[in-house]
Amino acid sequence: MFLSVFDMFKVGVGPSSSHTMGPMVAGARFLALLRASPFHVKGVRASLHGSLAFTGVGHATDRATILGLAGFEPATYDAAKAEAALQTIREGKTIHVPDLPPLAFDPQRDLLFDYGPALPGHANGMILKATDAQGDVILQETYYSIGGGFVLTAEEMAEAGSAKGKVRADVPYPFEKADEMLAMARASGLSIAAMKRANELRFRSASDLEAGMARIWAVMNDCISRGMAGTGILPGGLNVRRRAKGIHDALLAERGLNLTPPHVINDWMSLYAMAVNEENAAGGQVVTAPTNGAAGVVPAVIRYYLDHVPGASQTKVGEFLLTAAAVGGLVKHNASISGAECGCQAEVGAAAAMAAAGLAAVLGGSPEQVENAAEIALEHHLGMTCDPVRGLVQVPCIERNGLGAIKAVSAASLALRGDGIHLVSLDNCIETMRQTGADMHEKYKETSLGGLAVNVPNC
Ligand code: SF4
């Protein structure tokens with residue numbers, strides 16, 4: 001299966017790609033199914049299972065599911081319109097969408113959080129049902145939100161599992177492993193970004209590719225700017241204060257004083273990442289990179305490159321994104337980018353690997369050095385659990401993105417000091433992450449039943 005740069009980087013809405021965007025996408029897909037069905041549908045119902053139930057309230061999964069069933073989609077999400085639609089649905093207990101009759105839906109009665117065992121296909125499962133005039137179920141579909149905003153039906157999930165590794169994408173450089181990627185780079189003499197670009201051009205024109213990547217960076221950068229201006233308390237009841245603006249003001253005030261120690265550059269990286277993740281936690285527009293919970297790492301490292309690295313060029317942002325997407329695709333294809341499946345190593349760890357690869361590439365690294373950078377960044381996130389306090393994508397997520405960005409920059413820098421030869425390959429590291437994720441207790445996989453989530457008082 002080909003994973004485009006626009007699969008790894010999608011414009012979406014916070015706070016979670018798997019728990020907010022995915023359920024919204026599933027709702028939209030179910031509407032399409034209803035429109036194509038011969039049944040006289042009169043109402044809809046939804047049930048959330050596994051991690052979608054356990055951390056669904058903190059991740060606004062209930063809201064996202066209703067909005068999906070009301071026709072909202074992440075890429076075109078409008079917060080004011082969404083709020084008005086929710087209000088109308090709560091009051092009228094009916095959903096109105098084009099090309100379908102009014103659909104009875106009482107959020108209190110028809111949206112169920114099922115805290116029993118997860119559905120068999122994935123930790124993030126949901127079932128959407130359509131009912132007739134008597135309230136009997138006439139159509140239903142099971143959806144899995146598998147991370148990064150990707151959604152599969154139960155059937156697609158089974159097909160993807162059986163096809164994995166068998167059908168190569170029809171692209172010029174169909175690498176599915178890092179060692180294949182390096183072999184193809186050596187044989188072609190191309191960089192990782194150049195091979196990824198050639199693969200993308202199989203599906204879209206060069207101008208569409210450039211325009212799409214420019215938009216992705218513009219949305220990322222706008223998100224940093226909004227985050228650095230935002231103030232107040234984040235929603236959800238944990239009373240987490242937004243800190244990015246205060247850090248930014250302090251850093252600006254210190255500039256030029258010749259008093260700041262060199263490690264303050266880390267605060268700039270943390271600032272950019274935290275700005276994005278505070279926006280994400282507030283339900284704002286972000287780019288999944290590769291998920292919403294880990295959305296701050298890649299933009300922070302790009303902004304670090306542009307604002308702090310001498311000789312940096314805006315023209316290299318595309319090369320950064322393509323290289324990062326190639327690495328993200330390897331992680332997703334061979335392991336997971338879902339916290340509910342493999343813990344936070346799959347989210348912030350994957351994002352750090354992507355960012356490290358992107359930075360190493362734009363700083364002139366060879367394909368081997370780029371692969372080494374990604375491996376170093378991922379290796380030092382191995383075993384990291386997902387334990388968001390109260391199920392909110394705030395603690396530890398916001399700071400964790402800052403630290404992920406710092407590790408990514410260090411990993412790229414270390415890799416560029418070597419010649420690309422190293423002991424643990426990126427493939428070994430990704431496989432280790434997959435096995436560690438499989439062995440990880442469920443309470444550390446986005447259920448908020450362990451770790452920090454049970455050791456921080458709920459104030
Ligand atoms: S702890 Fe990591 S994986 Fe879990 S919600 Fe936060 S960012 Fe996502």
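A residue counts as near a molecule or strand if its C-beta atom, placed from the backbone, lies within 6 Å of it. With that in mind, select the ligand and what surrounds it: there are 13 residues in this shell, and the closest are G293, G339, C344, C386 and C397. Coloured by class, the shell divides into 8 nonpolar, 2 polar and 3 charged residues, where Ala, Val, Leu, Ile, Met, Phe, Trp, Tyr, Cys and Pro count as nonpolar, Asp, Glu, Lys and Arg as charged, and the others, Gly among them, as polar.

Before going on, note that this is a predicted model, in which local features need pLDDT of at least 70 and side-chain atom pairs count only at pLDDT 80 or more, while totals for chains, interfaces and linings use all residues. Residues are numbered from 1 along each chain as its sequence is written.

**The whole chain**

Now show the protein chain as a cartoon, which comes to 20 helices and 9 strands; these are DSSP runs (H or I over at least four residues for helices, E over at least two for strands), numbered from the N terminus. The radius of gyration of the protein chain is 22 Å, close to the 23 Å that the globule rule gives for 459 residues, so the chain is as compact as a globular protein of that length; this radius is taken over C-alpha atoms, and the rule is 2.2 Å times the number of residues to the power 0.38. Of the 459 residues, 54% are buried, a term for residues with 20 or more other C-beta atoms within 10 Å of their own, whereas 12 or fewer make a residue exposed and anything in between partly exposed, with C-beta atoms placed from the backbone.

**Two domains**

Next, colour residues 16-155 as domain 1 and residues 169-455 as domain 2, bounds that come from an automatic or database domain assignment. Their centres, taken over C-alpha atoms, are separated by 30 Å. The contact between them takes 21 residues from domain 1 and 23 residues from domain 2, two residues being in contact if their C-beta atoms, placed from the backbone, lie within 7 Å. On the side of domain 1 that touches domain 2, α2 gives the most, with 4 residues, and by class this side has 7 nonpolar, 14 polar and no charged residues.

**A helix and a strand**

Select helix α14 (residues 317-334), whose 18 residues reach 26 Å from the first C-alpha to the last, close to the 26 Å expected at 1.5 Å a residue, where the expected span is 1.5 Å times one less than the number of residues. Because 16 of its 18 residues are buried, α14 is largely enclosed by the rest of the structure.

Then move to L103 in strand β4 (residues 103-104), which counts as buried because it has 22 C-beta neighbours inside 10 Å. Leaving aside neighbours within four places in sequence, L103 is in contact with V41, G43, V44, T94 and I95.

**Backbone details**

Most residues other than glycine have a negative phi, and most peptide bonds are trans. Zoom in on G14 and P15, which are joined by a cis peptide bond with omega about 10°, and then on A289 and P290, joined by a cis peptide bond with omega about 0°. Finally, select D99, where phi is positive, near 65°, and S448, where phi is near 60°. D99 counts as exposed, with 9 C-beta neighbours inside 10 Å, whereas S448 is buried, with 22 other C-beta atoms within 10 Å.
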